[in-house]
Amino acid sequence: MPPKRNAAKRKESDFDFGDDSLSEDVPLDDSEDEKPKKKKGPAAGGRAKKVTEAYTDENDWSFQPPSLLYKSYNDPEPNDKIAAFDLDGTLVNTKSGAQFPRDDLDFKWYNKNVADKLQSYHEQGYKIVIFSNQNGIKSAITGKAAEKLKGRVDLIVAELNCPVQVFAATLEDNFRKPASGMWEYFCRNCNGGVRPNLASSFFVGDAAGRPADFASSDKEFAEAIGLPFRVPEDEFGEMEGKRSLPAGLMKQGEGGELVVANPDNAGLVHAFKQVADNAFAEGATEDAGDFLWADVATAPGLRAAADPKAKFKGSANKKVAGVLASYPITITLNNLKEVGKLQGVGKGSIAKIKEFLETGTLAELEGVDDLAGMGRAAPELKSRGADAADKFM
Ligand SMILES: [Mg+2]
C-alpha cells in the first residue's frame, strides 16, 4: 500500500463548510448559482495530480477539494424530501463480477425494480440523491480512475428518467461515509438553500453491519445525520445475481499476505491460498528455461504444466481466498448459501469449502490436482502417468 497522501488525513476543520458544523442556527447558502467558476476540466487519462482547487469540467462534473466529486442530472429542484441512496451494492452491482468496475459499462441494476422505484419516488415529490464512497481514485480527480467513475455514473444515471444528484467521496476523509461531510456539503451548497426534513427523508445502503456485511458505513452515515435507514432488500426486494464486493476489500498486510478478518476462517483461507499457489507454481513452468522447453515436445507432463488453465485456476482460487479472508463471520455448513452469494464464489468453490469444513482439508492438496493434471505443488516434473498413479496412492 502506498503511503496515504496528506489530503486523506485532513480533518473536518479543513473543510470549507463555514465556521461550524451544520446546525439549525446556521443559515444555508442559496448557492446553486455559486458553483465554482466553470473552466476546462483536466484532460481524460491525464496524469493524476493533486487537485487543490474546486472546478467544474466540461461535462458538468464538479470537484470540491479535497475529494468530493458531484453532479446534477436533469435539473433537480431544491427539496426538503430527500430519497437518498448508496450506489454500489445498493442501486447497481458490477456486470463483470469484477471487484472493481472494468469500464464505464460494467454495471447492472441491483434488480429490475430499481429504476421504477426511483422514478416513483420522484413522482411522489422526492429529490433523488446518491451518496457513494469510491475507492481506487488516489490523488486523482484528474486521472483515469476519476474519468472512469464519472463516465460510469453518467451511464448509470442515463438509464433513469428522473432528476438525480450524485456525490462521490474519493478519499478517506470527512466526505467519506460514515462521516457526514457529503451530506453537509449537499445541504449547504446543492439544495438551493432548502434544509432537508430528516423525518420525511431516508437513506438506503447495503453497508448495514449485518452479519454478512463487510461494513456498516451506510447505516452509521444515516445515524450520524438522523436519516431513517433501510437496506436495499427492504427497498427493492431480493438482489439479482451475485453480490459485488465493496471496492478495496482485499486487505493485505505489510508483507502482502492476506489479512483474515475472522480467525475462525484462517484454515479455509489458507487452503484456497495453497490451491492458488500450487496452480501458479504449475503455470510458472511455462516461463522455465530453454532447457525445459527442449523437452516440452516429448514430455506430456511438461505440456500439462504449461497449461494456461493452471494460471486461471490460480487467479480464481486467489480471489476466493481474498473474499473468504474478508468475510467477517465464521463460515460453517449452515451459512454456505450466504457465502455462495459472494462475488467470485461459484459452485465449485462452495463444494471445496464444504469439503474443507467436513474433512479439514482438500483432497487436491493431498496430492491430486483436478485441473492442471499435476500433483501437489509439483516440486518435480512428473508425467501424466505418474499423476494418475498418485490418485490411487
Ligand atoms: Mg454499497
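Two residues count as being in contact if their C-beta atoms, placed from the backbone, lie within 7 Å. With that in hand, let's walk through the chain. What you're looking at is a predicted model, where local features need pLDDT of at least 70, side-chain atom pairs count only at pLDDT 80 or more, and totals for chains, interfaces and linings use all residues. Residues are numbered from 1 along each chain as its sequence is written.

Start with the overall picture. Take the contacts in the chain with a separation of 6 or more: 70% of them come from residues 24 or more positions apart. The chain has 12 helices and 10 strands. Both are DSSP runs numbered from the N terminus: helices are H or I with at least four residues, and strands are E with at least two. Of the 393 residues, 39% are buried. A residue is buried if 20 or more other C-beta atoms lie within 10 Å of its own, exposed if there are 12 or fewer, and partly exposed in between, with the C-beta atoms placed from the backbone.

Now zoom in on helix α4, residues 217-225. Its buried residues are S217, D218, K219, F221, A222 and I225. An α-helix has 3.6 residues a turn, so residues three or four places apart point the same way. What do the buried residues of α4 pack against? Their partners are β7 (127-133), α3 (181-189), β9 (202-204) and β10 (229-230). After α4 comes G226, with a positive phi near 100 degrees.

Next, hop over to L155 in helix α2, residues 144-158. L155 counts as partly exposed because it has 14 C-beta neighbours inside 10 Å. Ignoring neighbours within four places in sequence, L155 is in contact with D104 and L105. D104 and L155 are 51 residues apart in sequence, yet their C-alpha atoms are 7.1 Å apart in space.

The loops have some backbone details worth a look. Between β2 (62-64) and β3 (68-73) you'll find P66, and the peptide bond from P65 to P66 is cis, with omega near 0 degrees. Another cis bond runs from K177 to P178, with omega near 15 degrees; P178 sits in the loop between β8 (164-169) and α3.

Finally, meet two aspartates with positive phi. D60, in the loop between β1 (55-56) and β2, has a phi of about 70 degrees although it isn't a glycine. For D75, also not a glycine, phi is near 50 degrees, and its loop joins β3 and β4 (82-85). Are they buried or exposed? D60 is partly exposed because 15 other C-beta atoms lie within 10 Å, while D75 is exposed because it has 6.
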